[in-house]
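Here are a few notes to read alongside the model. Have it open and follow the points in order.

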Amino acid sequence: MPRPILTKKVRTAILISGGGSNMVSLVKAAQEADYPAKIKLVICNRPNAGGLAKAKALGVETICIDHKNFKTRKAFEQVMDKTLREHDIELICNAGFMRILSPWFVGRWLGRQLNIHPSLLPKFKGLHTHERAIEAGESEHGCTIHYVDEGMDTGEIIAQAKVNVLASDTNETLAAKVLQQEHILYPAILKTVACALIAKRPQ
Ligand code: GRF
C-alpha cells in the first residue's frame with residue numbers, strides 16, 4: 001500500500017495579543033483533514049485579548065502568559081519557550097503578537113517562526129502602516145509574511161498580497177481590505193511552509 005504523504009502534521013503554535021482574526025483563519029484552515037499543520041496551542045500575552053475566547057471556542061488549547069507578570073523580557077520569553085517545547089511545537093506563527101522578541105528567543109526559533117505584517121515590506125515597518133501608506137500617497141499596499149529575525153519586520157520575506165489604495169480609502173477601509181488578504185495569504189503560506197518541513201523530515 002502506498003505510504004500516506006502526511007505521516008505527521010507540523011505541530012504549530014500561534015502567538016497573539018489581540019482580536020485574533022488571523023489566528024481564526026489559520027485554525028479554520030488547519031481543521032481540514034489534509035492540511036499539513038495542526039494548531040496545537042494559542043499563546044496570548046494579554047489576559048483580556050478577544051482572541052483568547054475565539055481560540056477556546058474553536059477547541060484549541062490556549063495559554064495566557066501575561067508579560068506584565070515578569071520582571072524582565074527574558075523571564076517572560078523563557079516561560080514562553082518552555083511552554084512551546086513542552087507542547088513539542090515545531091513551528092510558530094505570530095499573528096498580531098505585539099511584543100518585541102529578544103535575539104535569545106528569536107535565535108531559538110530561527111527558521112521556525114513566521115510573522116504577518118500589514119504592509120508591503122520593506123515599506124512601512126512597525127506600527128500605523130495603513131495611515132502611513134495613505135500619507136505617502138502609495139497606490140498599492142498590502143501584507144507580508146516573513147520569517148522572524150532579530151530586527152523589527154526585517155526577516156526573509158516569504159510572500160506578499162497587494163491591494164490597490166483608492167483616493168477614497170480611509171485607514172479603516174484600507175485596513176479592512178488588507179486584513180481580508182491576510183486571512184487568505186497566511187493559511188496558504190502556513191500550508192507551504194509546513195509541507196516543506198514535512199519533506200525535510202528524515203524518512
Ligand atoms: C494584523 O493586521 C496583522 O498583520 C498585524 O496585526 C494585526 C492582527 O490582527 N500583525 P488580528 O489580531 O489577527 O485580527
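1. With that, the shell around the ligand has three nonpolar, six polar and one charged residues. The residues in question are G19, G20, S21, N22, G96, I116, H117, P118, L179 and E182, where being near means having a heavy atom within 4 Å of the ligand.

2. Some ground rules. This is a predicted model, in which local features need pLDDT of at least 70 and side-chain atom pairs count only at pLDDT 80 or more, while totals for chains, interfaces and linings use all residues. Residues are numbered from 1 along each chain as its sequence is written, and side-chain values use heavy atoms, leaving out hydrogens and water.

3. Where does the ligand sit? The ligand is in the largest pocket, meaning that more than half of its atoms lie within 2 Å of the pocket's grid points. A pocket here is an open set of points on a 1 Å grid over the protein atoms alone, where a 1.4 Å probe fits, with protein on both sides within 12 Å along at least five of seven lines; lining residues have an atom within 4 Å of a point. Helix 1, strand 5 and helix 6 each give two or more residues to the shell around the ligand.

4. Helix 6 (171-200) is one of the elements supplying at least two lining residues, and its four residues are the largest share. By class, the lining has 14 nonpolar, 15 polar and five charged residues.

5. Now the polar contacts (pairs of N or O atoms within 3.5 Å). A side-chain N or O atom of S21 is 2.5 Å from a ligand oxygen, and a backbone N or O atom of N22 is 2.8 Å from an oxygen of the ligand. At I116, a backbone N or O atom lies 3.0 Å from a ligand nitrogen.

6. Finally, look at the loop between strand 5 and helix 5, which holds P122 and F124. The L121 to P122 peptide bond is cis, with omega near 10°. F124 has a positive phi, near 55°. Most residues other than glycine have a negative phi, and most peptide bonds are trans.

Technical notes
Nonpolar A, V, L, I, M, F, W, Y, C, P; charged D, E, K, R; others polar. Polar contact = N/O pair within 3.5 Å; in protein donor to acceptor, adjacent residues only side chain to side chain.
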